[in-house]
Amino acid sequence: MLKKRRNFRRQKVCKWCVDKIEVVDFKDAKRLRNFITDRGKIIPRRISGNCAGHQRQLGGAIKRARSIALLPFAADLL
């Protein structure tokens, strides 16, 4: 008899909601870096676990931070 393995998946939570931050600040580059890849892409919410509202704010904040050079548009090529 085969035993079924139970897939344990940790529930993703929105880090902004946990910290009770209502507005994503584009000047907080240190926090925004956690939501972009090494190549400079924005991590989707299905992976990061953000809620829809914070993900929309996050995308706008990252794009705004890129335009004032707080975050890179792409990875540095060596």
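Me: How many salt bridges does a search of the whole structure find?
Reply: The search finds 2 salt bridges, a salt bridge being a side-chain nitrogen of Lys or Arg within 4 Å of a carboxyl oxygen of Asp or Glu. Please keep in mind that this is a predicted model, where local features need pLDDT of at least 70, side-chain atom pairs count only at pLDDT 80 or more, and totals for chains, interfaces and linings use all residues. Residues are numbered from 1 along each chain as its sequence is written, and side-chain values use heavy atoms, with hydrogens and water left out.

Me: Ok, which side chain meets Arg31 at 3.1 Å, N to O?
Reply: That is the side chain of Asp19, which forms a salt bridge with Arg31. Arg31 sits in helix H2 (residues 29-32) while Asp19 sits in the loop between helix H1 (15-18) and H2, so the pair ties together parts that are 12 residues apart in sequence. Helices here are DSSP runs of H or I with at least four residues, numbered from the N terminus.

Me: And what about the salt bridge of Asp28?
Reply: The side chain of Asp28 also meets that of Arg31, at 3.4 Å from N to O. Through shared partners, the salt bridges join Asp19, Asp28 and Arg31 into one network.

Me: How exposed is Asp19?
Reply: Asp19 is partly exposed, with a relative accessible area of 42%, where buried means under 20%, exposed means over 50% and partly exposed lies in between, using a 1.4 Å probe and protein chains only. Arg31 is partly exposed at 25%, and Asp28 is partly exposed at 30%.

Me: Switching topic, is Ser48 buried or exposed?
Reply: Ser48, which is placed in helix H3 (residues 45-48), counts as buried, because its relative accessibility is 14%.

Me: What does Ser48 touch?
Reply: Leaving aside residues up to four places away in sequence, Ser48 touches Val13, Phe35, Ile43 and Gln55, contact meaning heavy atoms within 4.5 Å.

Me: Now helix H4, how far does it reach from its first C-alpha to its last?
Reply: Helix H4 (residues 52-67) has 16 residues and reaches 23 Å, close to the 22 Å expected at 1.5 Å a residue, the expected span being 1.5 Å times one less than the number of residues.

Me: Which residues of H4 are buried, and what covers them?
Reply: The buried residues of H4 are His54, Gln55, Leu58, Gly59, Ala61, Ile62, Ala65 and Arg66, and what covers them includes H1, H2 and H3.

Definitions and conventions
Helix = DSSP H or I, 4+ residues; strand = E, 2+ residues; numbered from the N terminus.
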